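Hi,

Here is the structure I promised to pass on. Have a look, and my notes on the pocket and the salt bridges follow below.

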Amino acid sequence: VKENPKDVKSLVGLGSFHLRRGEFAEAEKIYNQAKTTQPNNSDVQLGLAASAAGQGQLAAAIKILESIEPRARTPRVVLALADYYLRANQPTNASALLVAIVERAPNYRPARMLLGRAYLLGNRPQLAVIQFEELRKQMPRDASVQFHLAQAYARAGRSREALALLEAVAK
């Protein structure tokens, strides 16, 4: 970076390093430096959004990612935006983004997991059950999927199934 301060790839890598260390303000400075060279780079926008979210500024993180033209949003951008919507208690916005991804790529587990969580948060447990049951078919031994499915069963009024599932997981 010192040799070529406009090397966006290196700046994104350095910003990511600071994000992993929890140094969000420093990461933000680096991503802003990269933004001067490539303002529409999705990795730069993701880094800026993560920096904002890490500093407790979810509304700013959402605004950054929403500013990306919908057709230019990569799957990583959509997943990050959906995650920020969930963290900001906006499950309807999250599910609106994720439904299209799950329909196009039904085996894309991260999107399906977030969609199930969005349905739970949005008090739509029956729809959450559908997502988590599909995930259980794809990942039958995943404890997180089992837990979320049990939670969805319980919220949908299917407490016996929830208890049976949790008992099976505990064994």
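Lining the largest pocket are Pro70, Arg73, Thr74, Pro75, Val78, Leu97, Ala100, Ile101, Arg104 and Tyr108. Helices H5 (75-87) and H6 (91-104) are the elements that each give two or more residues to this lining, and H6 gives the most, with four. (Helices are DSSP runs of H or I, at least four residues, numbered from the N terminus.) By class, the lining has seven nonpolar, one polar and two charged residues. A pocket here is an open set of points on a 1 Å grid over the protein atoms alone, where a 1.4 Å probe fits, with protein on both sides within 12 Å along at least five of seven lines; lining residues have an atom within 4 Å of a point.

This is a predicted model, so local features need pLDDT of at least 70 and side-chain atom pairs 80 or more, while totals for chains, interfaces and linings use all residues. Residues are numbered from 1 along each chain as its sequence is written, and side-chain values use heavy atoms, without hydrogens and water.

On to the salt bridges (a side-chain nitrogen of Lys or Arg within 4 Å of a carboxyl oxygen of Asp or Glu): the count comes to eight. Arg158 pairs with Glu133, with the closest N and O atoms 3.7 Å apart. That pair links distant parts of the chain, 25 residues apart: Arg158 sits in the loop between H9 (143-155) and H10 (159-170), Glu133 in H8 (125-138).

Cheers

Conventions
Ala, Val, Leu, Ile, Met, Phe, Trp, Tyr, Cys and Pro count as nonpolar, Asp, Glu, Lys and Arg as charged, and the others, Gly among them, as polar.
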